[in-house]
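Please look first at the sequence and the structure together. The paragraphs that follow begin with the whole chain and then turn to individual residues.

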Amino acid sequence: MPTISIADTSVVEGDSGTRTMMFTATLSNPNYAAISVSFATADGSASAPADYLSTSGSLTFEPDETSKTLSVSVVGDPIDEPNETVLVNLSAGSVAISDGQAQGTIVDDDATPSLSINDVTVAEANTGTNTSAVFTVSLSGQSQSSITVNYATANGTATAPADYLSASGLLTFAPGQITRTLTVTVVGDTLDESNETFAVNLSAGSVAIGDAQGQATITDNDAPPSLSIADASVLESRTGERTMVFTVTLATISGQAVTANYTTANGTATAPADYVSSAGQVTIPAGSTSATISITIKPDNLAEGAETFSVSLAVPVNASISDGAATGTIIDAGLVIFLPLVRRNS
C-alpha cells in the first residue's frame with residue numbers, strides 16, 4: 001500500500017485582500033483504487049481569521065493519481081511583523097500517513113515603520129512647574145515587534161533649568177502600538193520675554209527615524225512692563241556747557257531689550273540758546289531696569305530765573321508708557337548786579 005505525505009509551502013502575505021497558499025499532498029506510489037484522506041488547518045504562529053481563513057475537508061486520489069493540492073486563503077495586511085506559520089494536518093484516511101503535517105509560511109512583505117515626533121506649543125505659567133509640553137512620538141504604521149527609541153531634550157532659546165526641566169530616557173512601543181507621548185516640564189515666571197524654544201531629539205532606536213526632532217515653543221504670557229521718565233535739573237554754568245541727565249525707568253525687569261523714542265521741546269527755555277535740542281532712541285538692555293538721556297545745557301551770564309523745557313517718550317517697544325513726559329529745569333546762575341551805595345551829606 002502507498003503512504004501519503006504533505007509538503008511545506010509559503011506565500012507572500014500582501015497588504016490587503018487574500019492570497020492563496022497551495023499545499024501538495026503526495027502518494028508514495030500509484031494505487032489501483034481511490035484513496036482518501038482528511039485535512040484541517042490549525043494555528044501555528046499565525047491565527048485564524050486574522051492571518052488566514054481556516055478550512056477542512058478531504059482529498060481523494062483516483063486510481064493511478066499520486067498528487068493532490070489544497071488551498072488556504074491568507075489574509076493580507078500592512079502590518080510589519082515576523083513571518084508567521086499555519087499548519088495543515090492529515091488524518092483518518094484510507095491510507096497510511098508518512099508525513100501528516102505541513103507548515104505554511106506567510107512571508108511578511110511590509111516595511112519596518114519609521115518614527116517621528118511632533119512640534120508643540122505651550123503657554124508659560126507665571127509660577128511653578130504646573131505646565132507641561134507633551135510631545136507625541138508616532139510610528140508610520142503598526143508593527144508586531146517591540147520598538148524602542150532614545151530621547152533627550154536640548155536647549156534652544158529656552159534653557160534648562162530656568163525655562164524647562166531637562167529630560168531623557170527610552171521610549172518603548174509595544175507590539176501594535178503606534179503612538180507614545182513624552183512630557184517635559186515647563187517652568188513658569190513673570191518675566192516679560194520673547195517666545196522661547198527647546199527641542200526633543202530622538203536617536204539610536206530599533207527602527208528608522210523619519211523626523212528626529214520635535215520643537216517646543218513656550219509662548220510668553222507676561223504683560224510688558226511700563227516706562228516712566230523722571231524730571232531733572234542742573235545749575236546753569238556761566239562759562240561752559242553742562243549736561244542734564246534724565247532717567248528712564250522700567251516698573252519691573254524685562255527679559256528683552258526695551259526701547260522708546262524721545263524728543264525735547266521748548267518751554268521757557270529755548271533751543272539753541274538755553275539747551276541743545278535732541279531726538280533719538282533710549283534703550284534699556286534685557287535684565288536692566290533703567291537708562292539715561294543726556295541733554296546739553298548752554299552757558300550764559302544773564303540773570304533770568306529758572307527756565308524749563310521738556311523731554312517726551314513715544315513709540316515704546318516691549319513696554320508701555322506710564323509717565324512719558326519729564327520737565328528739565330535750568331537753575332539760573334546769572335551775574336548778581338550790585339548797586340553802588342550813595343551817601344548823603346548831612
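Of the 346 residues in the protein, 35% are buried. The model is a predicted one. Its secondary structure consists of 27 strands and 0 helices. The radius of gyration is 45 Å, whereas the globule rule gives 20 Å for 346 residues, so the protein is more spread out than a compact globule. The extent of the C-alpha trace can also be given along the principal axes, where the protein spans about 180 × 30 × 25 Å.

Among the contacts with a separation of 6 or more, 70% are made by residues 24 or more positions apart. The protein exposes about 17,100 Å², and 49% of that area is supplied by carbon and sulfur atoms.

How many salt bridges does a search of the whole structure find? The search finds 2. One of the salt bridges joins E65 and K68, with their closest N and O atoms 3.9 Å apart. E65 has a relative accessible area of 26% and is therefore partly exposed. K68, with a relative accessible area of 25%, is partly exposed as well.

Another salt bridge is formed by the side chains of K298 and E241, at 2.8 Å from N to O. K298 is in the loop between β24 (290-297) and β25 (307-317), while E241 is in the loop between β20 (232-235) and β21, so this pair ties together parts that are 57 residues apart in sequence. K298 is partly exposed, because its relative accessible area is 25%.

A charged residue without such a partner is D163, which is buried yet has no salt bridge. The nearest side chain of opposite charge belongs to R180, and it is 26 Å away. D163 is placed in the loop between β13 (147-155) and β14 (168-173). Which residues does D163 contact, leaving aside its neighbours within four places in sequence? They are T157, A158, V186, V187, D189, E196 and I218.

Attention now passes to strand β21 (residues 242-250), where F246 is found. Is F246 buried or exposed? Its relative accessibility is 0%, and F246 therefore counts as buried. Leaving aside neighbours within four places in sequence, F246 is in contact with a number of residues, including I229, A230 and A232, then A291, T292, I293 and I295, and also F309, V311, A326, T327 and G328. F246 and S5 are 241 residues apart along the chain, and their C-alpha atoms are separated by 105 Å.

The loop between β21 and β22 (258-266) holds I253. Not counting residues up to four places away in sequence, I253 touches L191, G287, S288 and T289. A separation of 64 Å lies between the C-alpha atoms of I253 and A50, which are 203 residues apart along the chain.

Conventions:
Residues are numbered from 1 along each chain as its sequence is written. This is a predicted model: local features need pLDDT of at least 70, side-chain atom pairs count only at pLDDT 80 or more; totals for chains, interfaces and linings use all residues. Side-chain values use heavy atoms; hydrogens and water are left out. Helices (H or I, at least four residues) and strands (E, at least two) are DSSP runs, numbered from the N terminus. The radius of gyration is taken over C-alpha atoms; the globule rule is 2.2 Å times the number of residues to the power 0.38. Buried means under 20% relative accessible area, exposed over 50%, partly exposed in between (1.4 Å probe, protein chains only). Contact means heavy atoms within 4.5 Å. Accessible areas come from the Shrake-Rupley method with a 1.4 Å probe; for residues, only the protein chains shown count as cover. Lys and Arg count as positive and Asp and Glu as negative; His and the chain ends are not counted. A salt bridge is a side-chain nitrogen of Lys or Arg within 4 Å of a carboxyl oxygen of Asp or Glu.
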